[in-house]
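Please open the structure in your viewer and keep the selection panel at hand. The stops below go from one chain to the contact between chains and then to individual side-chain pairs.

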Amino acid sequence: MRKLQTLAAAAVAVTLLAGCGGGSASPASSDGASSAPAGGSGETLVVYTNSNGEGRGDWLTAKAAEAGFKIEIVGAGGADATNKLIAEKNNPIADVAFGLNNMYFSQIKAAGALEPYEPAWAGDVDKELADGETYWPLVKQAILLGYNSEKISKDAGPRDWTDLWTKDEFKARYERVTGLGTATAQLVFAGILSRYRDDSGDLGISDEGWKQVEQYFRNGSPAVAKTDLFARIASGEVDMGQMPSSIIADREKSFNVNVETVIPSVGVPLAVEQIALVKGTKKKEQAQKFIDWFGSADVQGEFAQKFNSMPVNKKAQAKANPDVVDFFADLKQQDIDWEFVQENMGAWVEKIELEYMT
Amino acid sequence: MSGTSVRSMARSPFVLVVGAVLTWFIAAFLVWPNLNILLATFFPDGSFSGRAAEKLFSSQRAIKALGNSFLLAVALSVTVNLVGIFIVLVTHYFRIRGSRILFLGYASTFIYGGIVLAAGYKFIYGDKGIVTSLLVKMFPGMDPGWFSGFFAVLVVMTFATTTNHMLFVANALKGIDYQTIEAAKNLGASPWTILRRIVLPMLKPTLFAVTILSFLTGLGALSAPQVLGGRDFQTITPMILTFTNSPTSRDLAALLAVILGLATILMLAVMSRLERGGTYFSVSKVSSALQKQDITNPVANVVVHAAAYILFAIYTLPVVLIVLYSFADGAAIQTGQLSLGSLTLDNYSRVLTQQSGLRPFIVSVVYSALAALIAVGGLLFVARLLQKYRNWVATAFEYLLHIPWILPSALLALGLIVSYDHPNPLVGGAVLTGTTVILLIAFVTVKIPFTLRMLKASFASVNSSLEEAAAIMGAKTLYMFRRILLPLVLPAAAAITALNFNSLLDDYDTAIFLAHPLVQPLGLVIKANTDGAEGVEGVANTFVYTVLLMVITGVTMYLVYGRAGRRGTSPKRGRALPPVSSAAPPPAVTAVSGEDSKLPAAPAR
C-alpha cells in the first residue's frame with residue numbers, strides 16, 4: 001500500500017512538473033522546435049493539398065523522392081486548406097499549395113498569400129483556366145448531373161438541372177445537398193446562379209434565380225451523412241444527383257450501378273485544380289523547381305494515367321485515359337464569370353444556408 | 001468554509017504562485033487569442049455591425065435549428081441522468097447477477113462515439129436495420145423509417161453519453177459511507193428511501209457536473225442529427241461549421257457559438273448555485289466501504305434485472321456490428337447488406353500499410369497523453385483552490401477557464417494562429433506558429449473546462465475535516481495536498497486523464513490548423529482517408545479507424561481505470577480512507593465534533 005502511494009505520488013509529481021514545464025518552458029522550447037524541422041532539415045518542402053486521398057499523396061511523395069524532392073504533404077479539405085493558408089500568411093509554413101480550384105485560389109490570392117511565378121510549362125496549358133499570374137492549372141474536373149441509366153432512359157432523363165424541380169417525375173427523385181461546405185456543391189450553385197445574373201437583384205442574382213434555389217431545396221431528397229449518392233442510387237432511394245466526373249467510373253463499379261450524365265445546353269461548370277507558390281516561402285527556388293516538375297507533361301501524364309484524371313497540360317493528355325480525354329473533348333464548358341462568382345460565393349452560401357435550406 | 005475573503009487568499013504563497021501561473025496562462029492562451037479572433041470577426045473594418053444578429057434572427061432555419069439544439073440539450077440533461085444513474089446503480093449499488101458483464105457492456109461508450117456510433121445504431125434500428133426488419137415482419141403495417149427525428153437522436157445520444165456517469169458518478173458512489181446506510185436501515189428506512197434520501201443526495205456535486213456536460217453535449221450535437229435527424233430535426237452545429245469555414249460568414253458562426261456558450265455558462269451558474277452550501281461527504285467517525293444492496297421486493301428485482309439486460313443489449317449491439325462491418329467492403333456498409341462470407345482483412349491491410357504507417361498513431365498518442373496529463377496535473381491545484389476559496393476572484397477565474405467551451409475549436413485554432421504568428425511578449429517573444437508546441441497548447445486549452453468541472457466536483461466530495469485535522473497536526477499546504485487530498489481525488493483524476501486522452505486521439509478540427517507539417521497527428525490521416533468525396537473505401541476506412549481507436553482507448557481505459565477499479569474492490573477499507581492512517585492519526589478525526597450525531601446524508605438545502 002505504502003509503495004503504491006509513493007508510486008502514485010511520484011507519478012503525480014512528474015505530472016505536475018510536466019504541467020509547470022509545459023507552460024513556462026514553451027517559449028524556450030519552441031525556438032528549438034521551430035528552427036529544427038522547418039529550417040534545419042533543409043530542403044523538405046511543405047505542400048498543402050486537398051488532393052491527397054485515395055493514395056494520391058503517397059504516390060506523389062514517392063515520385064517526388066525519385067526526382068530528388070523531399071516533400072511533406074499536409075492534406076486538408078479545400079475550405080480548410082484555404083483558411084489555413086490565409087491565416088498563416090504572416091509566417092507561412094507551406095511552400096507550395098495544389099489541388100484547390102480556381103475559386104479557392106482566387107480567395108487566397110486576394111488575401112495576399114500567393115507569390116507570382118510562371119512555371120516552365122506555362123506554355124502548355126490554357127491560361128484562361130487560371131489567373132495567368134500566381135496560380136496555374138493542373139487538372140480539369142467537370143461537375144455533372146448524373147442519373148441511373150438502368151431506371152431512366154436517355155429520352156426520359158433530365159436535360160438540365162432546372163428539370164429536377166420543374167418536372168414532376170424528377171421531384172423527390174434527386175439528391176440535394178444538406179450543406180454548402182464542399183467545392184462540388186458550390187460549383188453546382190455557381191453554375192445555376194450564374195444564369196440568373198442581375199446586378200439589381202439580391203447579391204447580383206434575380207428573384208427568378210433565387211426561386212430556382214428555393215425549388216431545388218424544396219423538392220430534393222436530402223443527402224444522408226456518410227452515405228454516398230451512389231449507395232442511395234443502388235438502393236433505389238434516389239435516381240440522380242451531383243457528381244464530379246473523376247469519381248463516376250470508380251463508384252459505378254463499387255456499387256454496381258450505371259450512370260448517364262447530363263450536358264445542359266448552357267454547358268457544364270468546370271472545376272480546375274491549380275498549383276501555386278506560397279508567398280514568403282523560405283525555400284523559393286526549390287519550391288519553384290517542384291512546381292516545374294509536378295506540372296510537367298511527364299508527371300501530369302503519369303498522374304492522369306494512375307488516377308483517371310484529365311490533365312490540363314496538352315502534352316500530358318496523350319498519356320491520360322482516352323475515354324476521359326474524349327469525354328472532355330466533346331464537353332461543352334459553361335461560360336462562368338469566375339470573378340463575379342468568387343466575389344459573391346461567400347454571401348450566396350450564407351443566404352442559401354439561412355433562407356433556403358430546410 | 002473558512003478563509004474565503006480575497007485578502008486571506010492572498011496571504012498564502014501557494015495561492016499566489018498558482019494564481020500567477022494561472023493568470024499568465026489565461027491571459028496568453030484563453031483571453032488574448034480569442035479576443036483577437038472575435039474582434040476580427042465582429043469588427044472587420046474597425047466598426048461593429050449588427051449584421052450577424054439581423055441575418056440570423058430573420059432566418060427560419062437558423063432559429064429552428066437553434067431551438068432543436070436547445071431542446072436536445074434540455075432533454076438530454078434529463079434522459080442521460082435517468083439512464084446513467086440506473087446503470088451506475090445496477091453495476092455498483094444493487095446486487096445484480098452478472099454485474100461485471102453488464103459493466104463491460106455499458107462501458108462500451110468509453111471507447112467510441114461520433115458518426116460511427118450513430119451509424120451503428122442505424123444498422124440496427126434504421127429503415128434497413130436488423131431490428132426494424134424483424135419488427136416489420138411481425139407488424140407488417142409498421143413504418144420502416146420509425147427510427148428517425150428527435151426521438152431517434154435523443155435515444156442514440158442518451159445511450160452514447162453515459163460515459164461520465166459510469167466513470168464519475170460510480171466513483172462518487174464508491175465514496176459513500178456505508179455506515180450511514182446501515183444506520184438508516186436500522187431505523188427502518190426502505191431501500192427506496194435510502195436511495196432517495198441518502199445515496200442520491202451524496203452524489204449531487206458529481207451529478208451537477210455531469211448534467212452540465214450532458215447539456216453541452218446536446219447543444220453541440222453534430223453526427224447523430226446528421227445521420228438520424230432527418231428533415232425535421234437538424235441542429236445548429238453543422239451550420240456553425242459551414243460558416244466558420246467561410247471567411248465572409250464567420251461572424252455568424254461566432255455569434256451562434258457565443259449564444260450556445262452563454263447558455264452553457266448560464267447552466268453552469270445555475271448548477272454552481274445549486275451545489276453551493278451542501279455537505280457532500282460523510283462526517284462519521286470511521287467510515288466503511290459500500291456494500292451491494294439486495295432488492296428485497298421480488299417483482300422489483302425481476303424488473304430491474306430485465307431492464308439492466310435490455311440496456312446491455314442496446315449498448316453492445318452497435319459495437320458488435322461496427323466491428324463486423326469494419327471487415328466488409330464500403331459498398332456493403334453503405335447499402336446495409338452484410339454477409340459473413342464477404343468479410344475480409346482488406347480494409348485493415350489497406351489502412352495499416354499506408355506510407356505513413358504507424359507514425360500518426362504514435363504522434364497522436366504522445367500529443368494526447370501530454371495534453372491530458374498537463375491539463376489534469378495543472379488543474380488539480382486550480383480546482384482545489386477554486387473549490388476552497390469562494391469569492392469574486394475565484395469565480396472570475398473559474399468562468400474565464402470556461403472560455404474554450406464557448407467557441408468552436410476551429411475558431412480557437414485560428415485565434416492562436418493570428419495571435420502568435422509574430423514574436424509576442426506574452427510568450428517571451430517567441431513565434432509559436434509552425435512549432436510543435438502550438439498544437440499542444442491548443443489541446444491543453446480545449447480540455448480545461450471539462451477537466452476543471454470534474455476535478456472540482458470530486459474535490460467537493462472530500463471531507464474537509466480530514467484537512468482540518470491535518471492542519472491542526474501541523475501539516476503544510478503542499479504536504480496536505482499531496483498526502484490527503486490527492487489520494488482521494490486520484491481515481492477521478494485518472495479517469496479524467498483517460499477521457500481527455502481518448503477524446504484528443506482523433507482530433508481534426510484543431511490539428512488541421514495547428515499541426516506541424518512533419519508531425520501530423522492521426523486526425524488528419526483519418527480525414528484524408530475517410531472524407532465523403534474520397535471514394536468508396538472512405539467509409540470502410542472510417543470503420544477501420546474506429547475499431548483501431550477502440551483498441552487504443554480500450555487499452556487506456558483498462559490501464560487507468562480497470563486497475564484503479566480492481567484496487568478499489570480488494571482492500572476497500574484501506575482505500576476508503578488511506579490518508580487518515582498515514583497523514584493524521586485517527587483520533588484527530590474527532591475534531592469534527594457534534595456533527596457526527598445526526599444523519600450526515602441530508603445536505604443542507
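Among contacts in chain B between residues at least 6 apart in sequence, what percentage join residues at least 24 apart? The figure is 80%, where contact means heavy atoms within 4.5 Å.

Before going further, note that this is a predicted model, in which local features need pLDDT of at least 70 and side-chain atom pairs count only at pLDDT 80 or more, while totals for chains, interfaces and linings use all residues. Residues are numbered from 1 along each chain as its sequence is written, chains are lettered from A and ligands numbered from 1 in the order in which they are written, and side-chain values use heavy atoms, with hydrogens and water left out.

**Chain B as a whole**

Select chain B and switch to a cartoon: its secondary structure comes to 30 helices and zero strands (DSSP runs, H or I of at least four residues for helices and E of at least two for strands, numbered from the N terminus). Of the 605 residues in chain B, 58% are buried, a class defined as under 20% relative accessible area, with exposed over 50% and partly exposed in between (1.4 Å probe, protein chains only).

**The contact with chain A**

Next, select the contact, which takes 71 residues from chain B and 74 residues from chain A. Chain B and chain A bury about 5,800 Å² between them, 59% of it on carbon and sulfur atoms; buried area is the accessible area (1.4 Å probe) that two parts lose on being put together, summed over both. On the chain B side, highlight B:Arg61, B:Arg231 and B:Gln334, which lose the most area to chain A and together account for 11% of what that side buries.

Three salt bridges are counted between chain B and chain A (a side-chain nitrogen of Lys or Arg within 4 Å of a carboxyl oxygen of Asp or Glu). One to display is that between A:Glu350 and B:Arg51, at 2.8 Å from N to O.

**Salt bridges within chain B**

Now select B:Asp294 and B:Arg95, whose closest N and O atoms are 3.1 Å apart in a salt bridge. B:Asp294 lies in the loop between helix H15 (250-275) and helix H16 (298-325), and B:Arg95 in the loop between helix H4 (60-92) and helix H5 (99-106), so the pair ties together parts of chain B that are 199 residues apart in sequence. B:Asp294 is partly exposed at 46% relative accessible area, and B:Arg95 is partly exposed at 43%.

Finally, select B:Arg384 and B:Glu467, a salt bridge with closest N and O atoms 2.4 Å apart. Here B:Arg384 sits in helix H19 (residues 359-388) and B:Glu467 in helix H24 (residues 464-472), 83 residues apart, and both residues are buried.
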